[in-house]
Amino acid sequence: MSLFKELQGRTLYIPQMSYIGARFVAAAFRSLGVNAQPLPDSDARTLELAHKYLSGDECLPEAITLGNFLKIAEMPDYDPDKTAFFLPTSNGPCRYGHYLPLARKVFQNRGDNVLLFSPSSSRGYSDIGSEANDLLRTSWHAVISSDILRKMQLKTRPYEVEKGRTDEVFTRSMDLVGKAIATQGVTHKKRMDKINQALLESRNEFRAIPVDRSQKRVLIGIVGEIFCRLDDFSNNNLLVKIEELGGEVWMSDVSEWVWYTNDEERVRLIRLGKRFSRRMLQCRLRHFILKRDEHRLLKYFSDDFKGYEEPPHVLDLLQRSQPYLPRDGAHGEMVMSAGRTVWYYEKGAAGVIDISPFTCMNGIITEAVYPRLSKDLNGFPIRVLYFDGTQSALHSDLEIFMELARNFRRTEHKAA
Ligand code: SF4
């Protein structure tokens, strides 16, 4: 039986890598008739539950994901036979590959027959069943839409006249676009038309928010580990704290990671001597479709994102990271973070913060190359901040960093 068929009669819970992302991916599943919901928000109880089962070697995102699964298991109406958790997996040295065995062990030990819905990228997600292509394509629309709304939120909120107004619009937009993504029984074209319409209405609502831009804020680029940078609980609400200290945040999109993994597949096929193969054709075709869909979903936002343009191709980032962390010798988020840091500098940011879970290899390695990168960029402030789920004394570190960023803007970008 395909993985998708096994979901019948169960509620599928989606981990909240980001608040909006989980809601939109759940909507993508609902478009195919699956009863999908986001996992609950993370809090102290999440970690308390997870720590009953952890050895101490796990990274923060792993602890949070497990803890939120366990939160479902303590709900009064929890029925393991009607529950499924979404947990994609991958191979490689990162602890992401450990999430599934750990969750499986924990629920087996509890004697719970929950389903861990874990399609594998190494098999091209063929284990999902005949719904795989539809699910992946609608999920892509979900990713792009969530990136767009997050960007609108981050570029508007610091300048709002009435506190809380942007978040209100963000929540309304999320419901509107989520409903469009969840539309069942229509072609991709029809669903995209609905999503576009919802995005257009959302854009107009964002544009109508009264703002005061007379004082330009310092623009801070955010890079780093994808879960920790997107999840407010994991990063101690860092983005809001930056705004409170006079900053404006620009964060790397989730779609950037999708472009990177696609391009990694292309390079891997070339290394295997399969430059002219069926797999390569599929890879290129996928790139073409994803690009075209992205272009369509962004069509109403070109004016809003002036000055916040994303690199035209992931190779633009990889090229920028090449002198520091070349893709042949380093992999994953660290490569993207280094390239993205240069991109932010070129786009006029006043500093970059790399958000990293404590003990994650990505932050440890980028921290080693940032001094050289900063020197090459005329002293551009770059700082790695580590998070382990405890309330660390973030405020003073952040205050110092923001002061450095303000000084940098005064000297470097003013002089340019
Ligand atoms: S990148 Fe780091 S924090 Fe993220 S899953 Fe891997 S080991 Fe954990």
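This is a predicted model: local features need pLDDT of at least 70, side-chain atom pairs count only at pLDDT 80 or more; totals for chains, interfaces and linings use all residues.
Biologist: How are helix 4 and helix 5 oriented to each other, roughly parallel or roughly antiparallel?

Modeller: Helix 4 covers residues 60-73 and helix 5 covers residues 99-110, and their axes lie 11 Å apart. The angle between them is about 30°. The cut-off is under 35 degrees, so helix 4 and helix 5 come out as roughly parallel.

Biologist: And what is the handedness of the crossing where helix 4 passes helix 5?

Modeller: On the helix 4 side, the residues that meet helix 5 are Glu 62, Thr 65, Leu 66 and Phe 69. Their partners in helix 5 are Tyr 99, Leu 102, Ala 103 and Val 106. By type, the contact divides into 6 nonpolar, 1 polar and 1 charged. As for the crossing of helix 4 past helix 5, it is right-handed.

Biologist: Let's zoom out. What radius of gyration does the protein chain have, and why does it agree with a compact globule?

Modeller: The C-alpha atoms fill a box of roughly 65 × 55 × 45 Å along the principal axes, and the chain holds 16 helices and 8 strands. A compact globule of 416 residues would have a radius of gyration near 22 Å, so the chain agrees with its value of 21 Å.

Biologist: Pick a residue in helix 2. Is Ile 20 buried or exposed?

Modeller: Ile 20 is found in helix 2, residues 19-30. Beyond its neighbours within four places in sequence, its contacts are Ser 146, Leu 149, Arg 150 and Met 174. Buried takes 20 or more other C-beta atoms within 10 Å. Ile 20 has 25, so it is buried.

Biologist: How far apart are the C-alpha atoms of Asn 362 and Glu 225?

Modeller: Asn 362 lies in helix 15, residues 361-376, and counts as buried with 26 C-beta neighbours inside 10 Å. Among the residues it touches are Gly 332, Met 334, Ser 356 and Glu 225. Asn 362 and Glu 225 are 137 residues apart along the chain, but their C-alpha atoms are separated by 7.1 Å.

How values were computed:
Residues are numbered from 1 along each chain as its sequence is written. Helices (H or I, at least four residues) and strands (E, at least two) are DSSP runs, numbered from the N terminus. The radius of gyration is taken over C-alpha atoms; the globule rule is 2.2 Å times the number of residues to the power 0.38. Axes are lines fitted to C-alpha atoms, for helices over the stretch in contact, and angles run from 0 to 180 degrees between N-to-C directions. Angles under 35 degrees count as roughly parallel, over 145 as roughly antiparallel, 65 to 115 as roughly perpendicular and the rest as oblique. A crossing is left-handed if the near helix is turned anticlockwise from the far one by less than a right angle, and right-handed if clockwise. Two residues are in contact if their C-beta atoms, placed from the backbone, lie within 7 Å. Ala, Val, Leu, Ile, Met, Phe, Trp, Tyr, Cys and Pro count as nonpolar, Asp, Glu, Lys and Arg as charged, and the others, Gly among them, as polar. A residue is buried if 20 or more other C-beta atoms lie within 10 Å of its own, exposed if 12 or fewer, and partly exposed in between; C-beta atoms are placed from the backbone.
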